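The following exercises are to be worked with the sequence and the model at hand. Each task is followed by a solution in steps.

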Amino acid sequence: MTIAANRMLRHARLGLGLSLAVLIAAQPFIATADPAVGIRQGRHGDMGRLVFEFSARETYQSHLDGGTLTIEFTPAEPIGSVTPHIPGVEAMQGGSGIVRLQLAPGATPRIYQLGNRVVVDTSLGTAAMPAAKARPAELPKDAAKRAAPIPAVIPNAAALLPAAGPKPALQAVSPAARMAPAAQIAPTPPVTAAAANDISPVVSTPVVSTPVTSTPVTSGPETIDFATEPGAAAFRRGDQAIIVFDTSEIPDLTALQSSPLFAGATMLSLQNAQVISFALPAADSLALTPVSSGWQVAAVAAAAPASGPPLTAAPAVEFPMQSANQSIVITDPLTGGDLLVGTVMQAGDAAKFGKSGPGFAVLPAWLGVVVVPQADDLALNASLKGFELVSDSPDGLPLGVVPPAPVIAAAAPAISGQIITLPHGGTADLWNRMVADQRAVAILPPLVRIGAQITLAQDMLALGMGPEANGVLDTAVLENPAAQYNTQLTKMRAVANVLAHRSQPGDFTAPGIVPGTETSFWQSLGAVDQGHTGAAAMAGLAAGLELFETYPEALRDRVAAEIAEALADNGQMPAAKLLVDSDPADRGLDLARAKILEDQRQPKAALAAYQALALGEDDRVAGIAEDRAVELRHAAGQLTDAKAADALDAQLFDWRTPQHERHLRLRIAELRADSGQWVQAFGMLQSAHALFPGHREEIDGTRAAMFLKMLKSTSFAKLSPFEAVAVLQQNQDLIPLGNTEVISLLAQRLGSLNLPGTAAPILSHLIQSVPQGTAQARLGATLAQVDLDAGSPVAALADLTQTQADNLPADLAEQRSMLAAKAQAAAGNAIAAVNTLGGIPPAPAGAPQLATAPGLSNPGLSNPALDTQAQIAEQSGQWPQAEQALSALVSQSVPGSGPIDRDQENLLLRLATAASHNNDAAMLASLSSQYGSRVSADAAGQVFQTLTTPALTGDQGLTQALHEIATLQALPAMVDEAAKIPTGSAPAPSANTVH
């Protein structure tokens with residue numbers, strides 16, 4: 001946070017009074033909505049900031065190419081595009097796991113990570129300052145002219161030429177002093193809550209540096225080379241070690257890329273400083289030693305924190321240093337505000353302690369001095385004696401004894417648990433206590449407010465005010481970054497997140513949070529709020545009810561209904577009943593009570609309760625009650641599936657939350673499917689898919705199951721062809737490519753639609769997804785039939801050719817041969833069509849009976865195949881082949897004795913017709929002898945008798961000829977009459993088989 005922003009925040013607090021909103025409203029970022037990854041942007045003086053907030057910790061890689069900064073994140077999450085309104089960024093484009101920033105000319109980016117957040121800071125430039133001074137609210141009018149462009153973030157500066165130049169050293173340092181051995185440097189541990197919040201009364205003694213002690217080296221040393229002799233400072237900020245060199249020379253870090261100590265290091269090149277940061281374990285600190293070529297850096301075991309001397313009641317804070325060099329202003333990676341850094345020239349010169357005063361905080365440093373300014377007019381000046389922190393105010397730095405906090409109204413006994421400590425009392429008492437605690441926070445200096453802020457947040461949690469408590473705790477961390485290490489604050493933020501409906505899975509696994517009943521209770525409540533209602537969450541809620549009853553009434557009232565409804569809706573009836581019975585007068589628990597009645601098999605009482613709640617003023621309760629009333633009526637048989645879906649659909653927008661609407665849409669889709677309304681069912685699922693991108697995996701699973709259910713249902717066959725095709729085309733992404741069972745079932749449905757122009761493209765797409773073999777050959781046969789029905793025999797032949805495979809089952813091979821023969825015939829190649837089905841050997845000479853002639857049947861062809869061959873031969877006039885196929889078909893289909901049905905009679909007539917065309921007297925005589933007395937006297941039987949009766953001579957022949965002429969004249973009428981009689985399973989003769 002910049003100094004100007006600090007001034008605005010402080011002025012707002014001074015005028016706080018009883019206003020809670022002003023206390024918690026100061027936030028450093030402007031929220032920018034995004035459907036996948038949270039994006040925030042904010043302005044901090046001359047610096048811009050973009051924050052990408054992920055659901056879990058990410059790793060990232062960045063690349064700067066000219067003015068384009070590309071950042072790739074792993075794992076990839078969708079990142080939206082926003083219009084930037086911050087210095088240094090002209091445009092931003094998001095994507096899947098990637099973001100590209102178009103930087104303004106001269107802009108310098110810096111990237112770092114804070115938990116699940118990745119932060120990008122951009123700066124347009126800064127003027128070099130001899131003293132590290134807090135930035136004013138506005139730069140001088142000519143500042144932009146004086147400020148030179150700042151080099152970009154340099155992960156590898158090997159290709160850059162070092163910018164050597166004179167270094168304004170304030171004190172001459174001997175080579176011996178500069179080259180003190182690294183083993184004699186005492187490291188400083190990371191910032192702790194205790195050290196950063198030390199507010200001991202100040203007394204009048206100067207600040208002195210800590211003596212050098214010996215510490216064993218754990219990693220390194222590594223040398224950072226410089227042509228000049230810069231001063232340095234080093235300290236910890238969060239989990240990062242930060243080294244500052246007061247020079248414009250960019251060092252070559254190529255040799256350090258393989259160093260374990262500098263793994264993942266980044267460097268920010270400023271006009272007057274180089275800032276290197278890298279991750280460092282909490283158990284380690286850094287030791288820096290000047291050498292002839294630059295500075296040597298080693299990781300050493302962290303020592304116990306130094307207490308530091310008390311501050312003096314004086315107009316300045318002095319930091320005696322033997323080799324003070326320069327003062328530098330850098331950006332605080334934790335807060336985005338300023339850090340005043342004093343660099344030194346020799347090892348051991350360091351303020352190795354944490355100390356707070358009015359308007360500032362001293363951070364423990366391994367080398368040099370580091371101050372967090374909380375006032376606009378502070379400056380850190382270097383001199384021959386060391387450094388001093390001063391103020392431009394006429395009264396100087398306002399040092400002195402910190403005034404004690406005002407006495408708060410007598411507090412009631414507190415409730416102490418594993419997670420939170422809450423004040424007890426009625427709602428009015430807690431409210432008055434909160435107001436008094438607000439006043440206490442407002443009058444304290446920012447860096448010493450943490451204790452009062454925690455007390456205020458406890459009041460708010462006791463009142464069930466989660467968002468408000470979160471605002472106070474967030475402000476505490478912004479004002480005092482060391483507060484992030486405060487375990488009590490971490491626990492309270494986890495609970496406040498639950499009450500504010502922004503709980504995250506990792507909130508209750510943070511360091512310092514001990515697993516237990518209360519932890520599990522709040523963690524489970526957070527999971528329920530996010531829609532996760534598994535057995536573990538329900539067990540955690542049920543186990544924590546006894547502790548929950550000890551909480552203040554205001555807090556219980558805030559979440560009791562949510563808990564009771566979650567327990568009742570997920571089968572935890574004993575626990576739900578225990579909770580609702582504990583407060584019979586609480587009308588907020590009536591929805592859970594109705595659910596308990598439903599579970600107790602009292603549907604009439606439950607329905608009456610839901611209908612009464614549906615008329616209430618609470619929109620949430622009314623909306624849920626309306627839906628459950630419909631479900632009860634449906635379960636009782638009062639509403640059909642379709643009517644229940646209509647009723648729920650009409651109530652869809654009566655009350656909406658994302659979770660409720662998602663579940664309701666899925667339920668409506670399920671009812672539509674059960675009623676056979678497949679078009680509407682899939683339409684509802686597709687709308688849910690578009691509305692809830694975070695749950696697309698769940699919704700797609702429902703769509704896939706419903707798709708298979710549709711294919712297997714009888715109701716799908718009842719859809720009009722156009723409706724069926726519309727559903728299939730809209731849900732092609734659900735077809736499980738490679739699943740031969742589903743694809744075969746789908747192919748059958750497509751083949752039955754009688755819409756070849758639509759079915760063929762879908763089938764063709766499916767064929768490409770199935771490997772060559774039996775499954776693909778079956779799909780090819782289905783597609784060939786579709787193309788053949790559409791009048792495209794050439795396409796049918798191509799379908800069969802492209803899906804050919806070896807060792808096919810006999811039935812499939814024959815089916816494909818029949819299709820190929822039909823397609824060849826339709827394409828005008830009848831001779832090839834007949835041969836495709838294979839030749840049929842003629843009957844051996846002297847065969848006594850047609851039914852027993854062994855050579856008349858082709859054992860490789862079934863009756864349908866023989867009939868297909870015969871029809872093609874008949875239609876094309878290949879009468880010898882037709883007779884052979886029909887004789888084989890007769891021998892397999894017509895019994896040797898007994899009655900002959902209509903289909904068998906027609907088959908005999910077709911064979912007699914073919915034999916007549918071939919003048920095969922022997923066949924005609926055999927047919928007359930074996931079947932003449934058994935055929936009927938109908939039209940087909942009379943024609944059969946006419947064709948198979950031997951020719952006579954003389955008057956007898958003339959009489960027979962006249963009879964045959966009369967029969968043939970009556971044949972059309974007889975054929976028409978025969979066509980009116982339905983036939984059996986055997987195929988009927990073609991119209992052209994009788995001549």
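**Exercise 1: Salt bridges**

The side chains of Asp 590 and Arg 587 form a salt bridge, with N and O 2.7 Å apart. The model is a predicted one, in which local features need pLDDT of at least 70 and side-chain atom pairs count only at pLDDT 80 or more, while totals for chains, interfaces and linings use all residues. Residues are numbered from 1 along each chain as its sequence is written, and side-chain values use heavy atoms, with hydrogens and water left out.

Task: State whether Asp 590 is buried or exposed, and do likewise for Arg 587.

Solution. 
- Step 1. A salt bridge is a side-chain nitrogen of Lys or Arg within 4 Å of a carboxyl oxygen of Asp or Glu. The structure holds 25 of them.
- Step 2. Buried means under 20% relative accessible area, exposed over 50%, and partly exposed in between (1.4 Å probe, protein chains only).
- Step 3. Asp 590 has 17% relative accessibility and counts as buried, whereas Arg 587, at 52%, counts as exposed.

Task: Determine where Arg 910 and Glu 874 lie in the chain.

Solution. 
- Step 1. The closest N and O atoms of Arg 910 and Glu 874 are 2.7 Å apart, in a salt bridge.
- Step 2. Helices (H or I, at least four residues) and strands (E, at least two) are DSSP runs, numbered from the N terminus.
- Step 3. Arg 910 is buried, with a relative accessible area of 1%, and Glu 874 is buried at 2%.

Task: Find the helix that holds both Glu 598 and Lys 595.

Solution. 
- Step 1. Their side chains meet in a salt bridge at 3.9 Å, N to O.
- Step 2. Both residues lie in helix 15 (residues 590-599), 3 residues apart, about one turn of the helix.
- Step 3. Glu 598 is partly exposed, its relative accessible area being 27%.

**Exercise 2: A helix pair**

Task: Describe how helix 27 and helix 29 pack.

Solution. 
- Step 1. The axes of helix 27 (residues 810-826) and helix 29 (residues 863-876) are 10 Å apart, at an angle of about 10°. Axes are lines fitted to C-alpha atoms, for helices over the stretch in contact, and angles run from 0 to 180 degrees between N-to-C directions.
- Step 2. Helix 27 is therefore roughly parallel to helix 29, a class that covers angles under 35 degrees.
- Step 3. Residues of helix 27 including Met 818 and Ala 821 meet residues of helix 29, among them Ala 865 and Ile 872; contact means heavy atoms within 4.5 Å.

**Exercise 3: Strand 9 and its partners**

Task: Which strands pair with strand 9?

Solution. 
- Step 1. Two strands pair if DSSP finds at least two bridges between them.
- Step 2. Strand 3 (residues 47-53) runs antiparallel to strand 9 and is joined to it by 7 bridges. Leu 50 stands opposite Val 120 in strand 9.
- Step 3. Strand 8 (residues 108-114) also pairs with strand 9 in the antiparallel sense, over 7 bridges. Pro 109 has Thr 122 of strand 9 as its bridge partner.
- Step 4. Strand 8 and strand 9 form a hairpin with 2 residues between them, and Gly 115 in the turn has a positive phi of about 65°.
- Step 5. Strand 9 (residues 117-123) is largely enclosed by the rest of the structure, because 6 of its 7 residues are buried.

Key: Parallel < 35°, antiparallel > 145°, perpendicular 65-115°, else oblique.
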